Amino acid sequence: GVFPTFEGADERAHILKSATFAWSKAGAGTNGEHPLPEQVWSWFSERARNNLHLVICSPPGGTSLLQQGKRFPAIISGCTVNWILPWPKESLTEIARSFLEPLELEGGEAKQTLAALIEHAVETHTLANLTANESGRACATLRSYYH
C-alpha cells in the first residue's frame with residue numbers, strides 16, 4: 001500500500017533526490033530526459049514494494065496475532081504464514097549425522113560412539129524444546145549466587 005504521511009516533506013525531498021540519481025543510473029528514463037518527481041516517486045514506490053520483505057514473528061496462541069491482524073489487515077492479507085512445528089526425530093537424526101559423520105573418531109568402537117553422539121544430539125534438542133514449551137520461554141537463564 002501507500003503511506004501518504006509516512007515521511008515528512010524534508011525526508012521525501014531527500015528520498016526523491018537519491019531516487020532520481022538511482023532512476024537515471026538504472027536507465028528508467030529514456031534519452032536522458034529529466035524525470036518528473038511523480039515518475040521518480042512511482043518508480044521508487046514500485047521498487048520498494050517489490051524489494052521490501054518483512055519477517056514478523058508472533059506466537060500462534062493467544063490474542064497477539066489476532067489483534068495485530070485486526071489492526072493491520074494488509075499485513076495478514078499479503079503474507080505467507082510459516083507455522084514452525086517441532087522437528088521429527090528422523091530429521092533431527094539426519095541433521096546430527098550430517099554434522100557428526102565427518103569427524104574422524106578413533107578406536108575400535110568408533111561406530112558405536114558416533115551412534116551415541118547422534119542420539120545424544122537428538123535427545124538434547126528434543127529436551128530443550130520440551131523444557132521451553134513447559135516453561136513458556138525459549139531460553140531459560142540460570143542464576144548463580146555467590147555467598
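The side chains of E119 and K89 come together in a salt bridge, with an N to O distance of 3.5 Å. Because E119 belongs to helix α6 and K89 to helix α5, this pair ties together parts that are 30 residues apart in sequence. The model examined here is a predicted one. K89 also meets the side chain of E123 in a salt bridge (3.6 Å, N to O); this second pair again links distant parts of the chain, with K89 in helix α5 and E123 in helix α6, 34 residues apart. Together, K89, E119 and E123 are linked in a network of salt bridges. As for solvent, K89 is partly exposed at 44% relative accessibility, E119 is partly exposed at 35%, and E123 is partly exposed at 38%.

The two helices themselves, α5 (residues 89–100) and α6 (residues 110–135), pack at an angle of about 130°, their axes lying 9 Å apart. The arrangement therefore counts as oblique, and the crossing of α5 past α6 is right-handed.

The structure holds three salt bridges, and one of them joins E94 to R97, whose closest N and O atoms are 3.6 Å apart. These residues sit three positions apart in helix α5, so about one helical turn separates them.

Turning to the chain as a whole, six helices and zero strands are found, and buried residues account for 12% of its 147 residues. On the surface, L52, L54, I56, L65, F72, I75 and I76 form a nonpolar patch with about 670 Å² of accessible area together. Within this group, L52 is located in the loop between α2 (37–51) and α3 (64–71) and is exposed, at 60% relative accessibility.

Conventions
Residues are numbered from 1 along each chain as its sequence is written. This is a predicted model: local features need pLDDT of at least 70, side-chain atom pairs count only at pLDDT 80 or more; totals for chains, interfaces and linings use all residues. Side-chain values use heavy atoms; hydrogens and water are left out. Patches are made of residues with over 30% relative accessible area and no salt bridge: like charges are joined within 9 Å, nonpolar side chains (Val, Leu, Ile, Met, Phe, Trp, Tyr) within 5 Å. Accessible areas come from the Shrake-Rupley method with a 1.4 Å probe; for residues, only the protein chains shown count as cover. A salt bridge is a side-chain nitrogen of Lys or Arg within 4 Å of a carboxyl oxygen of Asp or Glu. Helices (H or I, at least four residues) and strands (E, at least two) are DSSP runs, numbered from the N terminus. Buried means under 20% relative accessible area, exposed over 50%, partly exposed in between (1.4 Å probe, protein chains only). Axes are lines fitted to C-alpha atoms, for helices over the stretch in contact, and angles run from 0 to 180 degrees between N-to-C directions. Angles under 35 degrees count as roughly parallel, over 145 as roughly antiparallel, 65 to 115 as roughly perpendicular and the rest as oblique. A crossing is left-handed if the near helix is turned anticlockwise from the far one by less than a right angle, and right-handed if clockwise.
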